[in-house]
Amino acid sequence: MLELSGDQVLEVLAEVKDPEIPTLSIVDLGMVEGIEVFEEPKALAVTLIPTFLGCPALDLIRVRVRSALAQAFGLAEGQCRVEFSLKRAWTSQRLTDKGRARLGDFGMAPPPRGASVADFVEGSATVVCPLCHSPQTDLQNLFGSAACRALYYCKSCRNPFEVMKPI
Ligand SMILES: [Zn+2]
């Protein structure tokens, strides 16, 4: 049987999309915390950091990761262990640059860089419109279609859009 490297595993994980934001993979989100490859007996263990606690998508992500790994490497699903680590909290800083760009492709603004949560809550953070890239935007509602998103309005192109909150 072929020997597996952590990089090969990471490549497969880069194809596993977030169920809620299908342009983003779990690698883009910075969810991958650890990869372990065991030879005898053959097994894989992946540790992920949950993006938002209570996010209902976590079970789905676990199932998708397990089946993607099993399929890619010809393993049984029982040989692919997926755990969520609660030791370290996910923060929006973990989002990769590619992830930030892909979030924009989805029509959602990434969390503003360098803005504290308090700035964001007060509406004083600069959020750039993902549609026309104007910084002339206003906070409309701190809660969008999910608790982790806020609703903004762009004064330039006059479209509402969602932004991933900084945490
Ligand atoms: Zn706009």
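Biologist: Which residues touch the most other members of the largest nonpolar core?

Modeller: First, this is a predicted model: local features need pLDDT of at least 70, side-chain atom pairs count only at pLDDT 80 or more, and totals for chains, interfaces and linings use all residues. Residues are numbered from 1 along each chain as its sequence is written. A nonpolar core is a set of buried Ala, Val, Leu, Ile, Met, Phe, Trp, Tyr and Cys residues joined through C-beta atoms within 7 Å; buried means 20 or more other C-beta atoms within 10 Å of a residue's own, exposed 12 or fewer, and partly exposed in between, with C-beta atoms placed from the backbone. Among the core's 34 residues, those touching the most other members are Ile26 and Val163.

Biologist: Where does this core lie?

Modeller: Two or more core residues come from each of α1 (6–13), β2 (43–48), α2 (58–73), β4 (108–109), β6 (149–154) and β7 (160–164); helices (H or I, at least four residues) and strands (E, at least two) are DSSP runs, numbered from the N terminus. Domain bounds come from an automatic or database assignment. Both domains contribute, so the core lies between domain 1 (6–84) and domain 2 (107–164).

Biologist: Do the buried residues of α2 lie on the same side or on opposite sides?

Modeller: Ile61, Val65, Arg66 and Leu69 are buried in α2. Their arc, taken from the directions from the helix axis to the C-beta atoms, is only 130°, which puts them on the same side.

Biologist: Which residues of α2 are exposed on its other side?

Modeller: The buried residues of α2 pack against α1, β2 and β3 (80–84), with contact meaning C-beta atoms within 7 Å. Exposed on the other side are Asp59 and Gln71.

How values were computed
Two residues are in contact if their C-beta atoms, placed from the backbone, lie within 7 Å.
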